[in-house]
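Thanks for coming, everyone. Please put the sequence and the model side by side on your screens.

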Amino acid sequence: MSASLARVAVLILAAVLRLWRLDQNGFDNEYYAAAVRSMAAGWHAFLYNGFDPAGFVSVDKPPVAFWIQALAVRLFGFHGITVLLPQVVEGVAAVALLDHLVRRRFGTGAGLLAALFLAVMPVSVATDRSNNTESCLVLVLLLAAWALLAAAERGSRRLLWLATGLIGLAFNVKMLAAFVVLPAFALVYVLGAPLSWSRRIGDLTVAGAILVILSLSWILAFDLTPAERRPFAGSTQHNSMAELAVGHNGLGRFVRLSRPSVATAGVTAPPVTPMGRPSGRFARLFVRAPVGLLRLADGQLAAQVGWLLPLALLGAAAGLRVARRMPLAPAHASTLLWSAWALTYAIVFSFAGGIFHYYYLVLLAPPLAALAAIGLRVAWTAERRWLALAVPGALLLTVAWQLYVEGSTIGLALPPGDWRRWLAPTLAVGGLAAAGGLLFLAMAPQSRVRRVVTPACVAAALLALLVTPSAWALSSVLVKGVPILPSADLARLAPGDRVVDARERGRAAWYRGLITFLEDNRHGERYLLATSTTRVAAPIIIATGEPVMAMGGFHGLDPILTEETLADLVATNQVRFAMQGDLSLIDRRMGAETAAGPVRDWIRQHGTLVDPALWWAGAATGDEATAAARRQARVATGLELYDLKPGQEIVPLRPTRSR
C-alpha cells in the first residue's frame with residue numbers, strides 16, 4: 001500500500017508541475033494552435049495537416065500530435081487549456097510508464113525514483129506545458145520501448161513488430177527524430193532475444209519493412225493527392241512531404257542547409273554582463289554551445305536534463321558490467337536499452353549542426369531518469385563492498401556536477417536578497433553530509449542502526465540533489481515562458497524580474513481592431529487576409545477560425561504563389577486584402593524578401609495602400625496622443641495593408657475611447 005501511495009504522490013507531483021498556472025501560457029505556439037483550430041473545423045484540414053481552414057498550406061510537421069490536440073478541441077471546445085492539456089496528459093502518462101518499465105526489472109524503489117526524476121526534469125516540465133510535439137513523441141517511444149523489452153524477453157516477433165510499428169507512428173509525430181532510437185532497439189533485440197541468429201535477423205528484416213510502410217503511409221497519401229486538392233507542403237520548395245521529411249525535418253536537424261536555421265538566423269548576440277553571462281529574461285532562448293564532443297556539458301544545456309548525469313553513468317556502468325552471458329538477462333537488456341537510447345541521442349545532439357533547440361533534450365529525459373534510478377538500486381543492493389561505496393562517490397560527483405551547472409548558468413555568488421543564493425549551500429551541505437554518512441555506514445559492520453540510518457541518508461541526499469532541478473522546473477511554471485521555444489531557466493525567477501509586458505495587451509488590441517476592419521469590409525471573399533508568413537496569420541485564425549492565406553508559409557520562403565495565381569485569386573473573389581511589411585528579422589535574414597519579391601511587387605502595383613487611419617487600432621481613436629504614438633509604431637514596424645480591389649467602398653474602423 002505504501003508503494004502505491006508513493007506512486008500516486010509522484011504522479012500528482014508530475015500533474016501539478018504541468019497544470020499549475022497553465023492558463024498563463026495562453027495558446028503557446030500560435031502557429032500550431034492555429035493549425036489545431038483549422039484541423040478541428042474540418043476533415044480536409046485535419047487529414048492534410050492544414051495550417052488554415054481553407055487548406056492553403058500545411059504545417060511543417062507530421063500530423064499525429066496535432067490530431068490528438070484537434071480531437072481534444074472537438075470534444076471540449078477551442079481554448080488555450082484544451083490545446084495544452086493533451087501534452088500534460090502525455091507527460092504524466094510518460095512518468096507512469098517509465099515507473100512501470102523500470103519497476104518490472106529493478107524493483108518498486110527504482111521505478112519510483114525513475115518516475116520522480118522524470119516528473120521534476122526541467123525540460124520535461126517546460127515541454128509538457130507547451131503545444132510542441134515532443135511530449136507525444138516521448139510517450140510513443142516509451143510505448144515502443146515497452147513492446148521491445150517484452151519482445152526481447154519472450155522472443156516474440158509480434159511484439160517486435162508492434163515496437164517498430166510504434167516507431168513508425170512516432171515518425172508521424174516528429175519524422176526522423178524518432179529514428180534515432182533504432183540502433184538501440186535493434187541491438188537490444190539482437191543481444192537479448194532467446195532465438196537463433198537467423199530468426200533474430202529475419203524478425204528484424206520484417207520489422208524494418210513494417211517500419212518503412214507505417215512511417216511513409218501518411219507521407220505517400222499526402223504526396224499522391226493531386227496538388228490542387230490538398231495544401232501546399234509547408235517549408236518545402238517542391239510541394240512534397242517527402243522533401244520535408246528528408247530536408248527541413250531530416251538533414252536540416254543535423255547539418256546546416258543552404259539557408260540559415262531558425263536557431264541562429266537573424267539572432268544577434270545578447271547583452272553580456274561583466275561576469276560574462278547574457279542579461280535579460282529571454283537572452284538565453286537559443287542554443288549557442290558549439291558543436292562538439294562536450295556540447296552537452298554546456299551549463300545551460302545540462303540544466304535542462306543533465307542534473308543527475310553522474311548517477312546515470314553509474315547506472316549504465318553497474319548495470320552493464322555484469323552482463324556476460326548471451327542472450328542478455330532481462331535486467332541487462334533493459335539497462336542496455338536505456339544506455340543506448342541516451343548515447344544515440346547524445347551523439348546526435350552533440351554534433352547536430354542544423355536546427356537545435358533546448359526542448360529537443362526532452363528525448364534524453366526518460367533514459368537518464370531510468371539510468372539514475374538503476375544506478376542507485378544496483379549499487380544499493382550490491383554484495384561487493386566496492387560497488388556499495390560507489391553510491392556516496394556518485395553522490396559527491398553529482399553534487400560537484402550540479403554546482404558546476406548552477407555556477408555556469410546563474411552564478412554561485414549571488415547578491416543578498418536573491419533567494420537563489422541559498423540553492424548552492426543547500427546542495428553542498430545536504431549532499432556532502434549525506435554522502436559522508438553513507439561512506440561511514442558502508443565501512444561499518446552490519447547492524448540494526450545501519451539498516452535504519454542508511455535509507456535516511458539516501459533520502460536526505462536525494463532531497464538535496466533535487467532542490468535545484470526542481471527550482472529550474474518551477475521557472476517554467478511560475479513565469480510564462482516564450483512560445484515556440486520552451487525551456488527552463490532559473491534566471492527568469494530573479495528578484496524584480498516579473499514585469500507585466502504591456503506590449504501583449506497592445507498586440508491583442510491591435511489584432512482586434514484589424515479583425516474588425518477586415519470583417520466589416522468582407523464581401524464574400526474566401527480569405528479574410530493574405531499575409532507574407534504565418535506570423536500575422538496565426539493569431540487571426542485563432543481569434544476567428546476564418547481562413548487567412550500565409551502566402552509564403554512559415555518563413556515566407558515557400559514558393560506557393562506566383563503573380564498569376566494571386567491575380568486569379570483576386571479575380572475570383574477569393575481574397576481582397578494583403579498585408580506587407582510583416583516579415584520578421586529572422587525571415588529577412590533567411591531571404592524571404594527576395595523570395596517574395598515578385599508577389600510583393602504585384603501587390604504594390606495592383607493594390608491600393610489603405611490609410612492606417614482607416615484600420616489601425618488607435619489611429620482611429622479620439623485620443624490624439626495615443627493615436628500619434630501608434631502611428632509612429634506603425635511606421636517603425638513597416639506594416640502596410642493593401643486593398644487588392646481598388647474602387648470598392650471601405651468601411652473605416654470605428655473609433656474607440658482610450659482607456
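H11 and H12 are oblique to each other, because their axes cross at roughly 130 degrees. Oblique is what remains once angles under 35 degrees count as roughly parallel, over 145 as roughly antiparallel, and 65 to 115 as roughly perpendicular. H11 covers residues 197–224 and H12 covers residues 241–254, and the axes come within 8 Å. Axes here are lines fitted to C-alpha atoms, for helices over the stretch in contact, with angles from 0 to 180 degrees between N-to-C directions. Who makes the contact? From H11, it is Trp218, Ile219, Phe222 and Asp223. From H12, it is Met241, Ala242 and Ala245. Contact means heavy atoms within 4.5 Å. By class, that is six nonpolar residues, no polar and one charged. Nonpolar covers Ala, Val, Leu, Ile, Met, Phe, Trp, Tyr, Cys and Pro; charged covers Asp, Glu, Lys and Arg; the others, Gly among them, are polar.

A word on the source. This is a predicted model, where local features need pLDDT of at least 70 and side-chain atom pairs count only at pLDDT 80 or more, while totals for chains, interfaces and linings use all residues. Residues are numbered from 1 along each chain as its sequence is written, and side-chain values use heavy atoms, with hydrogens and water left out.

Stay between those two helices. Ser235 sits in the loop between H11 and H12. Its phi is positive, near 65 degrees, and Ser235 is not a glycine. Is Ser235 buried or exposed? Buried, because its relative accessibility is 9%. Buried means under 20% relative accessible area, exposed over 50%, and partly exposed in between, with a 1.4 Å probe and protein chains only.

Asp28 is another non-glycine with a positive phi, about 55 degrees. Look for Asp28 in the loop between H1 (2–19) and H2 (30–41). Asp28 has 10% relative accessibility and so counts as buried.

Next, the whole chain. There are 28 helices and five strands. Helices (H or I, at least four residues) and strands (E, at least two) are DSSP runs, numbered from the N terminus. Of the 659 residues, 56% are buried. Take contacts between residues at least 6 apart in sequence: 75% of them join residues at least 24 apart.

Now another helix pair. H5 (residues 80–106) packs on H8 (residues 134–154) at about 25 degrees, with axes 8 Å apart. H5 and H8 are therefore roughly parallel. Their contact includes Leu97, Leu98 and Leu101 of H5, and Leu142, Leu143 and Trp146 of H8. The class count for H5 with H8 is 13 nonpolar, three polar and four charged residues.

H8 comes up again with H10 (residues 182–192). Buried residues of H10 include Phe185, Val188 and Tyr189. The buried set packs against H8, H9 (157–174), H11 and H15 (330–351).

Last stop, the strands. E3 (residues 577–580) and E5 (residues 640–643) pair antiparallel over four bridges. Strands pair if DSSP finds at least two bridges between them. Ala578 has Tyr642 as its bridge partner in E5, and Met579 stands opposite Leu641. Which way do the E3 residues point? Phe577 and Met579 go one way, Ala578 and Gln580 the other, and all are buried. In a regular strand, side chains alternate between the two faces of the sheet. E5 also pairs with E4 (residues 608–609), antiparallel, through two bridges. There, Thr608 stands opposite Asp643.
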